[in-house]
Amino acid sequence: MTAINIAIDGPAAAGKSTIAKRVATTLNMIYVDTGAMYRAITYYYLNNQATFKDFDDMMTHVDLKLIYDEEKGQRVILNDEDVTDYLRSNEVTDNVSFVASKDAVRKYLVQAQQQLAENKGIVMDGRDIGTTVLPDAEVKVYMIASVEERAQRRLKDNTDRGIPSTLEQLKQDIAERDAYDMNREISPLVKADDAIEMDTTGMTIEAVTERIIQLAEAAQLN
Ligand code: C5P
């Protein structure tokens, strides 16, 4: 069987990470959550912005690594500190699209992501994986769902994590973040020409996972 990479892109809260994790576990591949990498840089920016001249300057002081914990999964280590538990706060979410639009940030992270996937066996989710990070990925999926359903899913996630939020606020946040991500100059969120679009509205997690596994198994046989 051929070793492959799987790229999963799509707008906020479309279910990418839940599905990508399941696909990775089933196929014995490694899941890389690139949103968490942008969130980690945002967390650093929010705490240290006064120290640096600009984003280029800031990125020369950043050392970001991913490690994998048997129980907790992907952990993001920024300048030797495990920052993973701080990445889903409303403050980070509200600022991440701005930070992710910066050239110096994207250059650093895209290179790190490409290195992680060099030897294949990676399921990576994000916004620009199929278009920019892994244009040669053997399987590319562009996952969408209605804003209503995405906000409902995020509300459940946030409630489980103890993060305060309301459905109306989440709908607005999701729509704003999508618009920012789709309209930025560098690597905007867009479906790659060769990606398969999946509308997961009303679909179960199992059904979407199964569909991607079928695509991956077909690609592994090529
Ligand atoms: O996936 P998640 O919602 O955690 O991503 C947070 C933000 O990080 C996105 O809204 C987007 O601005 C940015 N991002 C990106 N490119 C990626 C992954 C995330 O620009 N590959």
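**The ligand and its surroundings**

Mentor: Pro 11 lies in the loop between β1 (6-9) and α1 (16-27); helices (H or I, at least four residues) and strands (E, at least two) are DSSP runs, numbered from the N terminus. This is a predicted model, in which local features need pLDDT of at least 70 and side-chain atom pairs count only at pLDDT 80 or more, while totals for chains, interfaces and linings use all residues. Residues are numbered from 1 along each chain as its sequence is written, and side-chain values use heavy atoms, with hydrogens and water left out.

Pro 11 has a relative accessible area of 4% and is buried (under 20% relative accessible area; exposed is over 50%, partly exposed in between, with a 1.4 Å probe and protein chains only). An unreviewed UniProt entry lists Pro 11 in a "binding site" feature, together with Gly 10, Ala 12, Ala 13, Ala 14, Gly 15, Lys 16, Ser 17 and Thr 18. The unreviewed entry also gives "domain: Cytidylate kinase" at residues 6-217. UniProt positions are in the numbering used here, feature names are shortened, and annotations may be inferred rather than shown by experiment. Over residues 6-217 the chain is 50% helix and 17% strand, with the end C-alpha atoms 11 Å apart.

The ligand has 16 residues around it, and the closest are Arg 39, Arg 106, Asp 128, Arg 177 and Asp 181; a residue is near a molecule if one of its heavy atoms lies within 4 Å of it. By type, this shell divides into 8 charged, 4 polar and 4 nonpolar residues. Here Asp, Glu, Lys and Arg count as charged, Ala, Val, Leu, Ile, Met, Phe, Trp, Tyr, Cys and Pro as nonpolar, and the others, Gly among them, as polar. Helices α2 (34-48), α4 (90-100) and α8 each supply at least two shell residues, and α2 has the largest share, 4 residues.

For Asp 181, a side-chain N or O atom is 2.7 Å from an oxygen atom of the ligand. Taken alone, the ligand exposes 460 Å², and the protein buries 97% of that; accessible areas come from the Shrake-Rupley method with a 1.4 Å probe.

Asp 181 also forms a salt bridge with Arg 184, the closest N and O atoms being 3.6 Å apart; a salt bridge is a side-chain nitrogen of Lys or Arg within 4 Å of a carboxyl oxygen of Asp or Glu. Both partners are buried, Asp 181 at 4% relative accessibility and Arg 184 at 8%. Elsewhere, salt bridges with shared partners join Arg 75, Asp 82 and Asp 85 into one network. The whole structure holds 16 salt bridges.

Another of them pairs Asp 194 with Lys 140, with the closest N and O atoms 3.1 Å apart. That pair links distant parts of the chain, 54 residues apart: Asp 194 is in the loop between α8 (167-183) and β8 (196-199), and Lys 140 is in strand β7 (residues 139-144). Lys 140 is buried at 7% relative accessibility.

Asp 63 and Lys 65 form a salt bridge with the closest N and O atoms 2.9 Å apart. Here Asp 63 is partly exposed at 31% relative accessibility, and Lys 65 is partly exposed at 43%.

Conventions
Polar contact = N/O pair within 3.5 Å; in protein donor to acceptor, adjacent residues only side chain to side chain.
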